[in-house]
Every structure is written in structure tokens, then in C-alpha cells.
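Here's a quick briefing to read with the model open beside you.

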Amino acid sequence: MSATDTPARRRITLTGISSRAWEHPADRGALVALRELRGFDDVLRSFFGMWNERGFRLSVLASGIRVDHRQYPAVWQRYTEAAAALDVAELPELYVTQSPWLGAEAVGLERPFIVLNSACVQQLDEDELRCLLGHELGHVGSGHAVYKTMLMILTRWAANLSWLPVGAIALRAIIAAMLEWWRKAELSADRAGLLAGQDPAAALRLLMKLAGGGDLSQVDTTAFLEQAAEYAGGGDLRDSLHKIRMTAWSTHPVPVARAAQLRQWIDSGAYGQVLAGDYPRRDDDDSTRLTEEIKAAADSYREEFSRSTDPLVGLLRRLGDGASDVGEWVGGTAGRARSWVDAATEAAGRAHRAAPGTRAGTGTAGGGDGTGSGGAPR
């Protein structure tokens, strides 16, 4: 890429677009519930007191390269193009750090910033890079970095409190619920990346590179999507149990599942609807109702359950009205968000007394195990 490269085609500026336009219903329901909770800002401040955001920013400033019109100008151009499409007025700081792994992350509580692994500059083409940067801008726009930072801190506390059975069990329950949200948040950010680049082929290529590396000369998109379908519905109950084990404590859906979900969003017509100008605006965000978002989350899970070709899900459907049961369970769980936030507040107080310092980075675009190290862009 050169600094003078121009976009191959004109992208639509999605003026005033709200993050609700790209957020997965389960992600959006959780976010609205969190924002509606009284005193939740106090919880975040408690967590923030445990994490030195300034120190992490200084470490990136010292060891990475800050991207602008003078440093990595081609990356900066892709970044401004992605931001323009999503109508982002104030760009978060962007850094490139040395790493052989495809990866990126949105970090921070008060002033989120984006860190891009150098492998992305070397292995992604212009359209893929624009999509990845849009993915991270989607995380920032949805406020994911704040809540994911909280999850990273909770994960560390769970390890520190493993000697205390009651405390560890309570934290693990909170972490499991938040990891399920995080996986849906990644699907949201994938949609934001697609809207930023407005190139479905590039968005799918990015996910293919997360799975197989930077060289796609011997990879076929149709075959990759067939592989995704086999993962979703192939095998028997043993495979279903293996998939649960693989994903239950993971921060990210596997790349083939993400590709299938993104393809499904495109095929549903929702992507084209946004490009046609039919999308929620930021000016209307304050009128969003918690009950409506929770219902949308429950409906989303119910629809996913009824459509799934997974053998275990099929068995549950045959045993009874499983789709309805799951939808009701999800709705009830979302409605009880206050309970686990209260538990988190109590855990924050205990951990603050037991462990006087930590830090966290969040919001990565690709596969990972929640450790924030290596792996695909998150």
C-alpha cells in the first residue's frame, strides 16, 4: 500500500448512525441493561481504580508507533476511511506494535485507543485492513472496551480468589455470563467492520485469514463457508459437547462461525437496509427501552435455537419446546443483570482489599482465550 492510494470505489457515509445498527440483539440487550443500572458507574470506577490505564498507554507510546499522516500513512488513510463511513467524529489514537500474529484490540476506560499488530500491516490488503479497523471502531462506538476491561479484571480476580471457594464460584458465574455477551459483542464488531469497508468479500477474507493465515492463494470462500456449515451441524452429540467445551470459556466465536453469522446477516437483508439509509440514529439512543432490547435478545436466542442444525440442539427440540424455554431463560437472565452487577460490586470491594493493582486490555477482533496475548485480532 502507498500513502497516495485512493479508494477503489465510493463508500456511503452512514451519517449519524447509532451503534444499535450493528449490534447483535443479545449484545445490545446486555449493553442497554448495563447502562440502565443505577450505580453502575460507581462499579466501573471501582474497577478503574484497580487498573492503570495511563501506564498501559505510556507503554504503548514507548514501544509502539503512533499512526498518523506521517507514520504508517497508508494505514492512517484506511483508518480515516473506515471512520468516515461510520461517521466517527473523534478518532481514537491508533498504534502499531510488533507482533507476528494477526491481531488488534480496543483498550481503555476513559479514553479508549486501538492497538494494531504489525502482522496486519504486512498480511492484510487495503480492504481487509479497513474492515479490521472498522471492527475496532465498532467496539469503541458500542462502549465494549469499558465492559471488556471489567471482564479482564474479574478474570484476574477469579484466579487470585481461587483459594476462596464461595468467592471463586460467584466470580466464575459472572465471568461465564459476560463471556457469552463478549462473544456476541464480537459478532457486532464484525458487522461494524463490514459497514466500515462495505465490501462483503473483504470481510469474509479477513475471517479466513484469521483461520488460516495471510496467504489465501489456495483458499476458496465457498469451501470455507461449507466448512462453517459442517462445523455448525455436522457430527453427533459428542461433537456438540466438544463445541461447548471449546467455546464456553472463550472470548471469541471460532472464525468459521463468525463467517457464517456475518454471511447470514448479509443474506437477511439487514446489511443492505443499513446501506440504503434505514438505520437507527444516535440522536434517538436516549429513547431506547430496556424491555424492548431484552425481548429482542430473547427472540434472537429463540430464533437461533430453532434454526440450529447442531445435534444437541436438535435433540432438545425433540424433547420439548426447547426454543421457547431457551428464549424465556435468556430474557430472564438479561432481566436479572442487576443481580450479577451487585455481585460484581461486592467482589470489587473484596479484591480491592486483597489485590491493590492490575491492568487490562480489551476489545480484540479475532479468536482468543481471554488472555489478551497472541492469536487473531480481537
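Which residues of S4 point one way, and which the other way? Phe113, Val115 and Asn117 go to one side, Ile114 and Leu116 go to the other, and all are buried. Keep in mind that this is a predicted model.

- Four strands make up an open sheet, running S1-S2-S4-S3 with mixed pairing.
- At the edges sit S1 (65-66) and S3 (104-107), each with pairing on one side only.
- S4 is mostly covered, with 5 of its 5 residues buried.

**S4 and its two neighbours**

- With S2 (residues 94-97), S4 (residues 113-117) pairs in the parallel sense, over 4 bridges.
- Two spots to look for in that pairing: Thr97 has Asn117 as its bridge partner, and Val96 stands opposite Leu116.
- With S3, S4 pairs in the antiparallel sense, again over 4 bridges.
- On that side, Ala106 is the residue opposite Ile114.
- The hairpin of S3 and S4 has 5 residues between the strands, and Gly108 in this hairpin takes a positive phi near 120°.

**The largest cavity**

- The structure has 3 cavities of 30 Å³ or more, and the largest has a volume of about 70 Å³.
- Its lining takes in 12 residues, with Cys131, His135, Asp190, Leu206 and Leu207 lying nearest the centre.
- Four helices each bring at least two residues to this lining: H6 (126-142), H8 (165-197), H9 (200-212) and H12 (255-267).
- H9 gives the most, at 4 residues.
- Sorted by class, the lining of the largest cavity comes to 8 nonpolar, 2 polar and 2 charged residues.

**The second largest cavity**

- This one has a volume of about 50 Å³.
- If you want to pick out its lining, select His24, Leu187, Asp190, Arg191, Arg258, Gln261, Leu262 and Trp265.
- Asp190 turns up in both places: it lines the second largest cavity and is among the residues nearest the centre of the largest cavity.
- H8 and H12 each supply at least two residues of the lining here, and H12 has the largest share, with 4 residues.
- By class, you'll find 3 nonpolar, 2 polar and 3 charged residues around the second largest cavity.

How values were computed: Residues are numbered from 1 along each chain as its sequence is written. This is a predicted model: local features need pLDDT of at least 70, side-chain atom pairs count only at pLDDT 80 or more; totals for chains, interfaces and linings use all residues. Side-chain values use heavy atoms; hydrogens and water are left out. Two strands pair if DSSP finds at least two bridges between them. On a 1 Å grid over the protein atoms alone, a cavity is a set of points where a 1.4 Å probe fits but cannot get out, and a pocket is an open set with protein on both sides within 12 Å along at least five of seven lines; lining residues have an atom within 4 Å of a point. Grid points are joined across faces, edges and corners, and a volume is the space filled by probe spheres set on the points. Ala, Val, Leu, Ile, Met, Phe, Trp, Tyr, Cys and Pro count as nonpolar, Asp, Glu, Lys and Arg as charged, and the others, Gly among them, as polar. Buried means under 20% relative accessible area, exposed over 50%, partly exposed in between (1.4 Å probe, protein chains only).
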